Amino acid sequence: MKKNKDMKRSSRIASLGVFLALAMILSYVETLIPINFGVPGMKLGLANMVTVILLYLFTPGEALLISMLRILLSGLIFGNAMSLIYSFAGGILSFGVMYLCFRLKKVKMIPLSVIGAVSHNAGQLIAAAILVTNYNIVFYLPVLIIAGIVTGLITGSLSAAVHSRLVKLI
């Protein structure tokens, strides 16, 4: 699907809508998983799988659009104003770093997911440090890096498996 000029605009929009719906479902499923990494609000990052897959199947702009829409809608439905701010901070930094790595280094899907997870956690930590004006919060960084590596490996492996099946269907 990526940059396929023959794909009709309406088919492309419909496909992106399906990916947005999938990302929303994964965001909801995440709220049901009782994982405690020792840091409040930390999640597995299942919805990030959609962003990673979209980077490989669609344009970066479309992947960013779906990521930002998912963050906005999930924040409005499942979160609050603070979680929305943290999610946008993490999502923007994560996407930017993943895009640079994808573009410059042609990084494979699993390491790209790890990079995205770690940078998402860093973005949220930066937002938290600024909002609560307590820079001692950076002491969570080692825990966040380890959690990002673990969750990034899980979601990256799942993304790679789903992507390989999608490519066969296309």
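**Exercise 1.** Determine which residues of helix H6 are buried and what covers them.

*Solution.* The model is predicted: local features need pLDDT of at least 70, side-chain atom pairs count only at pLDDT 80 or more, and totals for chains, interfaces and linings use all residues. Residues are numbered from 1 along each chain as its sequence is written, and side-chain values use heavy atoms, with hydrogens and water left out.

Step 1. Helices are DSSP runs of H or I with at least four residues, strands are runs of E with at least two, and both are numbered from the N terminus. H6 covers residues 141–169.

Step 2. Buried means under 20% relative accessible area, exposed over 50%, and partly exposed in between (1.4 Å probe, protein chains only). In H6 the buried residues are Leu144, Ala147, Gly148, Thr151, Gly152, Thr155, Gly156, Ser159 and His163.

Step 3. An α-helix has 3.6 residues a turn, so residues three or four places apart point the same way.

Step 4. The cover over the buried residues of H6 includes H2 and H5, where contact means heavy atoms within 4.5 Å.

**Exercise 2.** Describe the surroundings of Ser113.

*Solution.* Step 1. Ser113 belongs to helix H5.

Step 1. Its relative accessible area is 0%, so Ser113 is buried.

Step 2. Leaving out residues up to four places away in sequence, Ser113 touches Asn48, Val52, Gly152, Thr155 and Gly156. Gly152, Thr155 and Gly156 are among the buried residues of H6.

**Exercise 3.** Locate the nonpolar cores and their contributors.

*Solution.* Step 1. A nonpolar core is a set of buried Ala, Val, Leu, Ile, Met, Phe, Trp, Tyr and Cys residues joined through side-chain atoms within 4.5 Å. The largest has 26 residues, of which Phe19, Val50, Leu54, Leu55 and Leu112 touch the most other members.

Step 1. H1 (9–32), H2 (48–57), H3 (60–78), H4 (81–105) and H5 (109–132) each supply at least two residues of this core. H2 gives the most, seven residues.

Step 2. Not counting residues up to four places away in sequence, Leu112 touches Val52, Leu55, Tyr56, Met98, Cys101, Phe102 and Val107.

Step 3. A second, separate core of seven residues includes Leu125, Ala129, Leu144 and Ala147. Leu144 and Ala147 are also among the buried residues of H6.

How values were computed
Expected span 1.5 Å × (residues − 1).
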